[in-house]
Amino acid sequence: MLSRSWTQVIRSWKQSLSPGQCRRRGRQASFTSETLEVRRLLTVAVADVTLGEPASGEAQMLFTLTRDGDLSQSLGVRYFTEDRTAKAGLDYVAASGIAFFGVGNNTTQVAVTIKSDAVVDPKEFFVLKLGGIVDSPASFSPTVNFGANSGPTSEAVGDFNGDGKIDILVGHNTTNAISILLNTTASGSSTASFATKQDLPVEGRPSMVTVGDFNGDGKPDVAAATLYGGDVAVMLNVTPTNSTTISFLSAQRFSVGLSPFMARTVDMNQDGKLDIVTLSNPDKIAILLNTTPQGATTPTFAAVQTFTGPANGPRSLAIDDFNGDGKPDVASSSNYGKVTSVLLSTTVAGSSTMSFAPKVDLPVGHLAHQADAGDLNGDGKPDLAVAGFNDMNVTVFTNTAATGATVPSFADPIVLSTAKRPEGIALVDVTNDGKLDIVVTQHTDAGQTIIVFRNTTNGIGGTPTFDTGTSFGVAAHPSYIVSADFNADGLPDLAVANNWGNNVSVLLNRSPQIGDNIAKGTISERPTISGLGAEVSYVAGGAPVVLSPGAAIADLESEYANSQIAVQVTNATASDRLSIVPTSAVTVSGNLIKFNGTTVATLSGGTGATPLLIAFNASASKYIVQTILRRVGFSVEIATPATTTRNVSFTMTDGAGAVGDTQFKTASVSNKPALTEMGGNVAWTVGNSPRILAAQAIANDGGNNFANSRLSIRMANGDANDLLTIVSGGGVTISGNTLTVGGFIVGTFTGGSGSSALIVNFNGAATKYAVQTVLRRVAFTNVSSSPATFARSVTFQLKDGTGVGSNVATKSVLV
């Protein structure tokens, strides 16, 4: 880990840099999100999820990933979970892997297993993070060139006018000036735009430039190593915010030795001030410790301190913490010595005297022009990559040093071949997959390009691997490269100094990117439904029967607002209906449910097997939700429905999206009893025996509720002497007013004289056969010797054992 003081200064330094510039520094990437807000493009995003903890066992929480843009290619995205209040192994099963989008698919899902426990907890959560896009090739908008002075050799970046855009500082080896290109690129634009260069005069060929806030006023200042001046020129920034004209105080010059080359800005002694590191001859690493007071208008630095670097012309600098002790170490390559020297810092924090352990040399190619450091294999240690100009290759050293080691340690080098002569190098995640790629400028007389070696390393640690490289055109003799987010889209772009082209090439990154790269997985206690009660009965033709008038609900977090209840007949017929049975408090208007006149929910579905969905709004309380649940009713639209017992499910989702366990109850369905086959008119003649009225009558009841049923026969228009009675025979035996069928007493009868109805009350032993047999023995007679001879109208109705009445059947009796 970096020490606190160096970390804080690095953070302040990064304020003038972009996420892209921060990314290429490996472990310093963690500072990016804290120092620069950028607009994200939603190329791949993941949404939050809430799931109720399962009552037992395990359940799957499904995160949905969404991508936009080109769907013609498949796409893989790395993901992994991290604990927060929910703990892996206890509350959920840790997950990691690659989520794939198929060709043409804009969504995919990641499943995380949620575990049940015996503890009733408040909400807990973990996070799912997207770790980068897999195997995404580098992609850039067409290169745009911007004019500089003669011989640009280096670049640095910073927001020099405080407008929120990253500008470019350019050094030159054939001009006595440094140049600033103010960024005018619109956020998210696919075309870079910079204002015409503005020059700051610096004598002595200021070939190498760097940026840092040397006086702590929040503005990025500049420093330039002068190739012929033997010093570093420092200029403090006084540009007004949003000004289109830059303004710097006069250069203050600090001697560092012969022909200084390269420049870096880092807090080397961890005193909270940014220092300057450069190279000088013969073979020296030169350090200027910053002594500038806060807010001063004149920069001050202590006398240069030099340390032996690589032999035969030091050329490049890479500064990082190579042994993990929190101190910034130095790596430097030589032009002709074929080595890269690594010096571990032993400086006491805050000391005015720098100190380093003896250098350790690593073998590299001839003319090792530039080097960079960054974590190439994901193990948290900065590795080294060196561009070999003459040998046309890049040498990669994997850091194997233990934390706190006093001697640097690197694995055997990996060599990547380049088609042309490489010079500038940067480690940048240009493919946006969470791994640093290697970007190199290369040139010959036949062509000028940069080449991106995409990092293909799998897993963490071990030997990093790279593809064979993809080239992109720039201008003549590209010599230096930096990375920054020039169009504020969250991706690292590139700027290349072209030494012979006298310009800077800007390449805007078009790689797929992660948008909302973190989602919360909330584990909520499930809402519960209880007290649904015993089976209810519905009789065809009747009003809806309330299913669960005593139902109760509960939710640990009391998230009843915006909750939902789904009720479904799981074995429904097309004619089944679920509805809300109104009361004085609960009313339904269209699809709106109101409670005491206030709309509290909307209603949908309920036909056949389609669930009845009750979606409550923000005004719903536990009492309201429970009251409406108790008014869910069941009915069937047709007169003779199927009498299969219906299974009805109830599921509640609370306002946070936690889904409770589904509860069930049953509803029996019976048809109304029916009297059929009553036959046509009958005649009765004076003096004859009683006339059977319906000898072939059929009695049916869908629920077979003949026990305790009741048969009523009425004379609609008779006279006082008419008589309706039951006659013995046909299986019926009468004793007084008691009826016996098949040897069993099945009921009694009363009435039947004149306008008095004949009532047959069947007992619990009555069956369909008994009822139907008695029905067929109903007869008419008249006790007068001279009855009135008009036609009588006789009605029949059967009420089954549940009290449901049949159709009213009518017979005419001609007298």
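This is a predicted model: local features need pLDDT of at least 70, side-chain atom pairs count only at pLDDT 80 or more; totals for chains, interfaces and linings use all residues.
Biologist: What are the domains?

Modeller: The domain assignment gives domain 1 (44-134), domain 2 (144-507), domain 3 (528-671) and domain 4 (674-813). Such bounds come from an automatic or database domain assignment. The centres of domain 2 and domain 3, taken over C-alpha atoms, are separated by 69 Å.

Biologist: Which residues does UniProt list for "domain: Calx-beta"?

Modeller: The unreviewed UniProt entry lists residues 55-131. UniProt positions are given in the numbering used here, feature names are shortened, and annotations may be inferred rather than shown by experiment. In the model, residues 55-131 are 0% helix and 55% strand, with the end C-alpha atoms 32 Å apart. Helices (H or I, at least four residues) and strands (E, at least two) are DSSP runs, numbered from the N terminus.

Biologist: Why is F214 called buried?

Modeller: Buried means under 20% relative accessible area, exposed over 50%, and partly exposed in between (1.4 Å probe, protein chains only). F214 has a relative accessible area of 2%, so F214 is buried. F301, at 10%, also counts as buried.

Biologist: What makes F214 and F301 an aromatic pair?

Modeller: Rings of Phe, Tyr and Trp (its six-membered ring) pair if their centres lie within 6.5 Å; planes under 30 degrees apart count as stacked, over 60 as edge-to-face and the rest as tilted. A search of the whole structure finds 14 aromatic pairs. In one of them, the ring centres of F140 and F472 are 4.9 Å apart and the planes stand at 80°, so this pair is edge-to-face. F140 is in the loop between β7 (124-134) and β8 (144-147), and F472 is in strand β32 (residues 470-473), 332 residues apart. Both F140 and F472 are buried. F214 and F301 are also an edge-to-face pair, at 5.8 Å centre to centre and 75° between the planes. F214 is in the loop between β13 (206-212) and β14 (221-226), F301 in the loop between β19 (284-288) and β20 (305-308), 87 residues apart.

Biologist: Why is T449 called buried, and what does T449 touch?

Modeller: T449 has a relative accessible area of 11%, so T449 is buried. T449 is found in strand β31 (residues 447-453). Contact means heavy atoms within 4.5 Å. Not counting residues up to four places away in sequence, T449 touches K420, V440, T441, Q442, S471, F472, G473, V474 and P478.

Biologist: Which residues touch the most other members of the largest nonpolar core?

Modeller: A nonpolar core is a set of buried Ala, Val, Leu, Ile, Met, Phe, Trp, Tyr and Cys residues joined through side-chain atoms within 4.5 Å. The largest has 50 residues, of which I168, M268, F486 and V506 touch the most other members. Another core, of 37 residues, lies apart from it, and includes I565, V586, L603 and L629.

Biologist: Why is helix α4 called largely enclosed?

Modeller: In α4 (residues 622-629), 6 of the 8 residues are buried, so the helix is largely enclosed by the rest of the structure. The buried residues are I624, V625, Q626, T627, I628 and L629.

Biologist: How do you know that strand β47 is enclosed?

Modeller: In β47 (residues 632-636), 5 of the 5 residues are buried, so the strand is largely enclosed by the rest of the structure. V632, F634 and V636 are buried on one side, G633 and S635 on the other.

Biologist: What makes β39 and β42 partners of β47?

Modeller: Two strands pair if DSSP finds at least two bridges between them. Strand β39 (residues 545-546) is joined to β47 by 2 bridges, running antiparallel, and the bridge partner of V545 is F634. Strand β42 (residues 576-580) is joined to β47 by 5 bridges, also antiparallel, and R577 has S635 as bridge partner.

Notes. Residues are numbered from 1 along each chain as its sequence is written. Side-chain values use heavy atoms; hydrogens and water are left out.
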